[in-house]
Amino acid sequence: MSWELPSPFVIGIEVEEAAIDAYGHANNAEYLRWIERISWAHSQHLGLDIHDYRRHDRAMAVHRHELDYLAPARAGDSLELATWIVACDGRLTLTRRFQLVRDSDATTLLRARTRFACIELSSGRARRMPMDYREIYGRALVEEPT
């Protein structure tokens with residue numbers, strides 16, 4: 001696979017019939033579900049899961065999504081979704097990039113970027129990242145070309 005950045009974290013996705021909308025392709029909401037799925041999977045892979053978030057009373061909540069839909073996914077397509085952490089200010093924010101590729105022809109279907117803000121779970125207010133988060137997410141940083 002030709003990924004746009006090095007060392008991606010990748011999951012496979014099989015497009016199910018339930019994901020298909022009236023236009024005959026995967027509904028836009030499905031792409032967001034896939035982005036959420038890989039974000040959780042990558043965090044768990046790095047060593048942070050929901051139990052850690054609850055223990056620290058901190059979570060990374062979506063602040064902004066940017067999604068560029070480049071080509072449709074259809075029922076039965078096999079896809080690969082990659083993510084990278086491309087920014088982490090060590091205080092409040094973390095940014096991920098995503099690339100969704102169809103296996104059969106290596107077409108990039110989606111490019112996306114999500115900015116997360118660290119919040120206190122108990123209040124919903126913005127709070128500094130715990131040291132564990134800064135270290136774990138910081139080690140996973142991938143530099144984007146300028």
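Let me start with the rule for aromatic pairs: rings of Phe, Tyr and Trp, the last taken by its six-membered ring, pair if their centres lie within 6.5 Å, and planes under 30 degrees apart count as stacked, over 60 as edge-to-face and the rest as tilted. The model on the screen is a predicted one, in which local features need pLDDT of at least 70 and side-chain atom pairs count only at pLDDT 80 or more, while totals for chains, interfaces and linings use all residues. Residues are numbered from 1 along each chain as its sequence is written, and side-chain values use heavy atoms, with hydrogens and water left out.

By the pairing rule there are six aromatic pairs. One of them joins Tyr133 and Tyr137, edge-to-face, at 6.3 Å centre to centre with 85 degrees between the planes. Because these two tyrosines, Tyr133 and Tyr137, are four residues apart in helix H3 (residues 131–139), they are separated by about one helical turn; helices here are DSSP runs of H or I with at least four residues, strands are runs of E with at least two, and both are numbered from the N terminus. Tyr133 and Tyr137 are both buried, meaning under 20% relative accessible area with a 1.4 Å probe and protein chains only, where over 50% would be exposed and anything in between partly exposed. Together with Trp40 and Tyr53, Tyr133 and Tyr137 form one aromatic cluster.

Now to the sheet. Five strands form an open, antiparallel sheet in the order E1-E3-E4-E5-E2, two strands being paired if DSSP finds at least two bridges between them. At the edges are strand E1 (9–14) and strand E2 (58–69), each pairing on one side only. Strand E4 (residues 93–102) and strand E5 (residues 108–120) run antiparallel and are joined by nine bridges, and Leu94 has Phe116 in E5 as its bridge partner.

What of the interior? The largest nonpolar core has 20 residues, of which Val15, Trp34, Leu79, Leu81 and Leu100 touch the most other members; such a core is a set of buried Ala, Val, Leu, Ile, Met, Phe, Trp, Tyr and Cys residues joined through side-chain atoms within 4.5 Å. E1, H1, E3, E4 and E5 each give two or more residues to this core, and H1 provides the largest share, four residues. A second, separate core of 15 residues includes Ala59, Met60, Cys88 and Cys118.
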